[in-house]
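This briefing concerns charged side chains and backbone geometry in one protein model. Please consult the sequence and the structure shown here while reading the points that follow.

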Amino acid sequence: MQWSKILTSLAAVLAVSAPLAFAQPQVPNPGDDTILEMQQAFRKGDKQKLQQLLPAVRGHALEPWAAYWALRARLDEAGAQEVQDFLQRYAGTYQEDRLRNDWLLLLGQRREWAQFAALLPGYRMGDDHEVRCYALLIDEVEGRADARAADELRRRWYALREADDGCTQAASRFYADGKISALDVWRKARLAVEANKPRAARNAVEIVAPEALPEARSMFEAPSKYLLSFATTRGRLRRELVSLALIRLAASDVDNAARLLDAKWAGQLSPEERNWVWGAIGKQAALRLAPEALDYFANVTRERDLTDDMLAWQARAALRAGQWKTVRQAIDAMSEDARRDSTWVYWKARALLAQRHVSDAERAQARQLLESIAGPQGFYEQLALEELGQRVTVPPAPAPLTEEEKAAARANAALQRSLYAIALGLRSEGVREWNYATNLHTSGGMGERELLAAADLACEREVWDRCINTSERTRSVMDYRQRFPLPLQSLVVARSQAIGLDPAYVYGLIRQESRFILDARSGVGAAGLMQIMPATARWTARKIGLSGFTPDQLADRDSNVTLGTAYLKLVLDGFEGSMPLAAAAYNAGPGRPRNWRNGPVLEGAIWAENVPFTETRDYVKKVLANTTNYAAVLTGQPQSLKARLGQVGPRSDVQVPANADLP
């Protein structure tokens with residue numbers, strides 16, 4: 001579809017549907033260039049230019065964005081009335097609620113609680129942890145905080161990896177009032193040290209022991225030196241700092257941390273502190289796929305002292321070692337929320353069935369767990385389906401959308417403004433507004449039929465990422481035409497089959513890499529449908545004898561698919577046809593999965609779950625699940641994810657590595 005045609009149709013709808021107090025112009029619109037100029041000025045922080053250009057886009061379809069940029073750039077200088085005027089003029093839009101979020105954060109930082117409290121009820125998105133922490137702080141100061149407030153604060157504070165003002169201030173007040181304990185604060189410090197977030201760790205220490213900040217700084221900068229600088233702990237403060245130092249050291253030298261803990265500090269720490277540190281050490285060893293990981297975890301005397309993340313790595317290490325009893329124990333020790341994740345529902349069922357003697361009750365429990373997640377939509381859902389003796393098939397299509405349902409989606413000004421922004425090249429802005437319209441504008445988001453209609457609109461405009469992501473939010477119905485579309489089918493299928501690739505695997509990978517965005521570009525320079533790095537493309541071009549290649553060709557869809565499928569085929573051949581290994585190599589580079597495959601021969605699902613990089617682990621699972629679904633779509637036949645996963649283990653000594661120079 002031509003860009004101008006998209007804009008013409010969008011502007012026409014906006015002209016009749018937008019609830020703003022100004023008319024929308026018809027395309028072609030000279031204001032488009034000004035909008036793009038304003039976006040660049042906003043990114044550069046050019047307040048003066050934004051103010052100068054704003055009058056020129058009054059009445060433009062994207063005026064709310066222009067006005068938002070102009071005011072947001074100087075929000076710290078704005079007055080309350082100016083903000084209120086903006087909120088009224090753009091009432092009901094994403095930009096109104098986005099600015100309200102920004103203003104609430106600024107009011108919280110300024111401690112202007114009366115204005116904050118007055119503005120908060122209109123905040124529709126409600127998804128900002130720091131804003132909510134400020135609200136909890138106000139409730140605590142004014143004596144309105146209920147018994148659940150402290151639990152909510154802990155959860156939100158722990159979820160924030162970066163240092164913030166709102167949750168830190170709320171935690172400080174709740175601690176002063178005896179609503180959270182010193183242990184709660186020290187646990188936040190431990191989480192921050194483990195995540196390598198020194199400022200967040202320092203903020204936590206300052207709440208509970210401000211006098212220890214210089215010592216904490218020394219501990220963070222040189223944990224080994226700190227641990228060797230004295231022989232004994234003196235009270236709780238020193239014990240906690242020693243715990244932090246051991247956690248910090250484990251990230252770079254796990255064996256040394258274990259040795260120091262075992263030989264010097266274990267007897268001086270409290271049981272809870274000691275368990276946490278052993279959990280942190282065990283996690284770091286498991287991330288390195290070290291067989292010692294379970295030995296380190298075995299020193300934990302109470303698994304409920306560990307975080308869900310530590311327990312997850314204990315379960316992964318136990319899966320790798322075939323220790324199903326430990327898998328079950330680790331999962332049972334997780335929080336209720338973690339145990340509900342399909343990953344651990346599936347492995348809990350497998351652990352029950354892997355026992356030497358399985359009772360009827362345990363067999364029934366395992367079946368109930370599998371049935372609770374089984375379906376075609378995701379990795380573990382598909383595996384659960386196969387454990388129950390079924391295969392992945394395309395589910396029945398939902399009832400066709402009515403003309404009224406389609407018309408309601410077309411009349412949604414936020415959706416249309418999003419599509420206009422994306423067509424104009426403002427993808428980030430368009431995606432945020434689309435997500436707001438579908439997920440956050442009303443409590444709980446759109447209903448399922450509304451989501452299908454919104455996805456249908458995006459598919460019609462060939463905005464495939466919004467089509468897929470929106471359709472994926474439905475639960476009671478699944479429209480595979482939306483969830484697993486087949487753009488460029490003749491090109492992708494023909495090119496894949498010509499070089500011996502499964503087209504379903506190529507589609508599964510493209511869906512995860514770019515969501516079929518032709519001009520997608522990653523932060524590190526990967527480009528196009530198949531997200532190829534220029535250096536990788538040059539190497540591939542040489543391998544397949546494609547002369548005259550230049551990086552700008554990656555923007556061409558045919559060239560991108562040609563080079564991407566060729567590289568994927570070379571990677572797949574380099575890993576003896578293993579789809580999970582090749583997917584990991586495509587995402588993380590081939591060197592890492594060459595190391596990750598060493599050790600015992602594992603079923604593919606266990607190997608994938610033990611991939612140390614969170615992004616790559618998620619990527620492998622999604623690509624393989626996508627592939628299985630696309631195979632069902634393309635062939636019309638039941639499909640097996642397990643067959644695609646196979647087994648993963650070390651390369652045979654007699655095998656000659658294929659394409660050892662893979663970039």
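**A buried lysine**

With a relative accessible area of 13%, lysine 348 is buried; buried means under 20% relative accessible area, exposed over 50%, and partly exposed in between (1.4 Å probe, protein chains only). This is a predicted model, in which local features need pLDDT of at least 70, side-chain atom pairs count only at pLDDT 80 or more, and totals for chains, interfaces and linings use all residues. Residues are numbered from 1 along each chain as its sequence is written, and side-chain values use heavy atoms, with hydrogens and water left out.

- Helix α22 (residues 342-353) contains lysine 348; helices (H or I, at least four residues) and strands (E, at least two) are DSSP runs, numbered from the N terminus.
- Leaving aside residues up to four places away in sequence, lysine 348 touches Arg328, Ile331, Asp332, Gln365 and Leu369, where contact means heavy atoms within 4.5 Å.

**Salt bridges**

- Side chains of opposite charge can pair when their charged atoms come close.
- The whole structure holds 57 salt bridges, each defined as a side-chain nitrogen of Lys or Arg within 4 Å of a carboxyl oxygen of Asp or Glu.
- Arginine 173 and aspartate 177 form a salt bridge, and their closest N and O atoms are 2.9 Å apart. Arginine 173 is partly exposed at 32% relative accessible area, and aspartate 177 is partly exposed at 34%.
- Glutamate 576 and arginine 597 are joined through their side chains by a salt bridge of 2.6 Å, N to O. Glutamate 576 sits in the loop between α34 (557-574) and α35 (579-588) and arginine 597 in the loop between α36 (591-596) and β1 (602-603), so this pair ties together parts that are 21 residues apart in sequence. Glutamate 576 is partly exposed, at 35% relative accessibility, whereas arginine 597 is buried, at 6%.
- Lysine 621 and glutamate 609 also meet in a salt bridge, at 2.9 Å from N to O. Because lysine 621 belongs to helix α38 (residues 614-635) and glutamate 609 to helix α37 (residues 604-609), the pair ties together parts that are twelve residues apart in sequence. Lysine 621 is buried at 12% relative accessible area, and glutamate 609 is buried at 1%.
- Arg187, Arg190, Arg236, Glu240 and Glu272 belong to one network, joined by salt bridges that share partners.

**Negative surface patch**

- Asp253, Asp255, Glu292 and Asp295 gather in a patch of negative charge on the surface. Patches are made of residues with over 30% relative accessible area and no salt bridge; like charges are joined within 9 Å, and nonpolar side chains (Val, Leu, Ile, Met, Phe, Trp, Tyr) within 5 Å.
- Glutamate 292 is placed in the loop between α17 (271-287) and α18 (293-297). Glutamate 292 is partly exposed, with a relative accessible area of 36%.

**Positive phi values**

- Most residues other than glycine have a negative phi.
- Leucine 289, a residue other than glycine, has a positive phi near 55 degrees. Leucine 289 lies in the loop between α17 and α18 and is buried, with a relative accessible area of 16%.
- Glutamate 462 likewise has a positive phi, near 60 degrees. The loop between α28 (448-460) and α29 (464-471) holds glutamate 462, which is partly exposed at 43% relative accessible area.

Terms used. Areas by Shrake-Rupley, 256 points an atom, 1.4 Å probe, with all protein chains shown as cover. Lys, Arg positive; Asp, Glu negative; His and termini not counted. Charge placed at Lys NZ, Arg CZ, Asp CG, Glu CD.
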